[in-house]
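Please keep the sequence and the model in view while reading.

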Amino acid sequence: MSQAGSTHDAQKPVIQQQKVIIPNNHGEKLMGLLHETGSEEIVILCHGFRSTKENNTMVNLAAALENEGISAFRFDFAGNGESEGSFQYGGYWREADDLHAVIQHFLGEKRVIHAILGHSKGGGVVLLYASKYHDVHVVLNVSGRYNLKTGIEERFGKDFFERIKKDGYVDVKNKTGSVDYRVTEESLMDRLNTDMHEACLKIEKDCRVLTIHGSADEIIPVEDAIEFDKIIPNHKCHIIEGADHGYSSHQAELAKVVLNFVRTALQEGK
């Protein structure tokens with residue numbers, strides 16, 4: 001253990017993880033962890049579908065950013081993890097509004113929101129956020145889905161639409177047979193009516209967007225990254241060869257690509 005005040009301590013910021021509770025605009029408490037390095041800038045990390053701030057990718061990216069001296073905040077969307085609210089299928093725009101509540105909190109603390117990053121569904125959420133609010137100018141979409149009409153039958157089965165039309169909902173069960181979550185017809189329509197193409201056309205030219213995708217993604221095809229590249233004005237696309245949807249064998253490479261983009265944007269912004 002190094003002595004307080006040693007040169008080692010002076011060079012390396014002391015990382016403190018602070019629990020932060022932020023109310024969203026529905027009065028639900030969002031729970032998050034701030035990796036505080038003392039930097040004015042902060043990067044906000046958004047998890048994916050049925051995931052949490054404790055997801056491997058969220059934890060590893062927060063650690064990579066803090067090692068660079070950049071503060072990071074990872075949080076649970078309403079209805080997920082430790083946050084209040086009930087889980088809802090769909091709800092992309094609702095989660096973009098959760099992200100807005102988080103950003104408003106940190107702006108109130110006189111922090112600079114340097115970048116927002118989302119994985120999977122979170123990738124869609126940060127793009128929707130950028131299309132609506134125009135107040136964060138560095139956005140990282142990690143394995144987000146371009147066409148939200150796809151991927152539904154693959155997850156729920158061919159007869160999913162008939163079942164939901166008949167009963168108004170479908171209960172999704174886990175391997176033990178107990179109900180994991182419910183998809184209502186309303187929440188399904190919410191997803192189907194979320195138009196990523198239309199939203200991405202509204203992202204302003206001064207917003208730098210990086211899409212990262214694994215070439216071996218088994219959940220969202222890598223072609224979705226190419227579609228984003230066609231329509232977002234100020235866009236870079238980075239394909240990680242061999243990476244699956246969760247970057248299970250490519251966490252270090254993912255962190256390197258993220259850090260390079262965040263660092264470059266920081267330097268150019270100064």
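The axes of helix α3 (residues 92–108) and helix α4 (residues 121–133) come within 8 Å and cross at roughly 70 degrees. Here helices (H or I, at least four residues) and strands (E, at least two) are DSSP runs, numbered from the N terminus; axes are lines fitted to C-alpha atoms, for helices over the stretch in contact, and angles run from 0 to 180 degrees between N-to-C directions. The angle makes α3 roughly perpendicular to α4, since angles under 35 degrees count as roughly parallel, over 145 as roughly antiparallel, 65 to 115 as roughly perpendicular and the rest as oblique. On the side of α3, the contact (heavy atoms within 4.5 Å) is made by Y92, W93, E95, A96, D97, L99, H100 and I103. On the side of α4, K121, V125, V126, L128, Y129, S131, K132 and Y133 take part.

This is a predicted model: local features need pLDDT of at least 70, side-chain atom pairs count only at pLDDT 80 or more, and totals for chains, interfaces and linings use all residues. Residues are numbered from 1 along each chain as its sequence is written, and side-chain values use heavy atoms, with hydrogens and water left out.

Helix α6 (residues 160–167) and helix α7 (residues 185–192) pack at an angle of about 135 degrees, with their axes 10 Å apart. The two helices are therefore oblique to each other. Their contact joins F160, F161, I164 and K165 of α6 to E185, L188 and L192 of α7.

The interior comes next. A nonpolar core is a set of buried Ala, Val, Leu, Ile, Met, Phe, Trp, Tyr and Cys residues joined through side-chain atoms within 4.5 Å. Buried means under 20% relative accessible area, exposed over 50%, partly exposed in between (1.4 Å probe, protein chains only). The largest nonpolar core has 38 residues, of which I44, F73, F75, L99, F106, I116 and L127 touch the most other members. Apart from this core lies another, of 28 residues, among them I70, I240, Y247 and A265.

Two individual residues complete the picture. H245 lies in the loop between β10 (235–240) and α10 (251–269); with a relative accessible area of 7%, H245 is buried. Not counting residues up to four places away in sequence, H245 touches H119, S120, S143, D217, E218, I219 and I220. E41, in strand β3 (residues 41–46), is also buried, with a relative accessible area of 16%. The C-alpha atoms of E41 and L266 are separated by 8.9 Å, although these residues are 225 residues apart along the chain.
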